[in-house]
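Below are some notes for reading this model for the first time. Please keep the structure open and check each point against it.

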Amino acid sequence: MVEEDIKMVEEVDNGDSVEIRDTDIVFECPKCGKELVIDYRGAGLQINCSGCDTQVLVPIPDGMQLADLDLDSGEILKQLFATRRNYQKAEIQIQELKMRLAQLQEALEVMQKVVAEGLELS
Ligand SMILES: [Zn+2]
């Protein structure tokens, strides 16, 4: 698994026109500053920089779990899209809940007023 990933990096680096996909991790070598592109499955691995041959650690993208790395790219993308959809749904739900909360607060005020008036009358 590890050897496969390192081979993948070399293939990318040897290409004249490097095509960066959404799932690729792009980062700079901390020593020589060369831009390195690696498949997301290389996250968390040590690779040799193609510019200065220093061992560098591939950063793990935000929100990515190392456990996810065992999934294939289709699974990862499915999860990513599902997460985005859930996030959008959650934002809509939050707006709806805020409106509902405002309505309930209004209703509560009315009821409190009624109770207070009822107490005054008795
Ligand atoms: Zn370097």
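**Contacts of Gln55**

1. Leaving aside residues up to four places away in sequence, Gln55 touches Gln46 and Asn48. The model is a predicted one, and the points below should be read with that in mind.

2. Gln55 lies in strand β4, which covers residues 55-57. Is Gln55 buried or exposed? Gln55 is exposed, because there are 9 other C-beta atoms within 10 Å, and a residue with 12 or fewer counts as exposed.

3. Asp53 sits in the loop between β3 (46-48) and β4. Its phi is near 65 degrees, which is a positive value in a residue other than glycine. Asp53 is exposed, because 11 other C-beta atoms lie within 10 Å. The C-alpha atoms of Asp53 and Cys32 are separated by 9.5 Å, and the two residues are 21 residues apart along the chain.

4. Strand β1 (residues 24-28) pairs with strand β2 (residues 35-39) in the antiparallel sense, over 5 bridges. Two partners in β2 can be checked by eye: Ile38 is the bridge partner of Ile25, and Asp39 is the bridge partner of Asp24. The hairpin of β1 and β2 has 6 residues between the strands, and in this hairpin Gly33 takes a positive phi near 80 degrees.

5. Helix α2 takes up residues 73-121, 49 residues in all. From its first C-alpha to its last, α2 reaches 70 Å, close to the 72 Å expected at 1.5 Å a residue. How many of the 49 residues of α2 are buried? The count is 0, and α2 is hardly covered.

6. Now the chain as a whole. The chain has 2 helices and 4 strands, and from the N terminus on its elements run α-β-β-β-β-α. Of the 122 residues in the chain, 7% are buried. Among the contacts in the chain with a separation of 6 or more, 34% are accounted for by residues 24 or more positions apart.

How values were computed. Residues are numbered from 1 along each chain as its sequence is written. This is a predicted model: local features need pLDDT of at least 70, side-chain atom pairs count only at pLDDT 80 or more; totals for chains, interfaces and linings use all residues. The expected span of a helix is 1.5 Å times one less than its number of residues. A residue is buried if 20 or more other C-beta atoms lie within 10 Å of its own, exposed if 12 or fewer, and partly exposed in between; C-beta atoms are placed from the backbone. Two residues are in contact if their C-beta atoms, placed from the backbone, lie within 7 Å. Two strands pair if DSSP finds at least two bridges between them.
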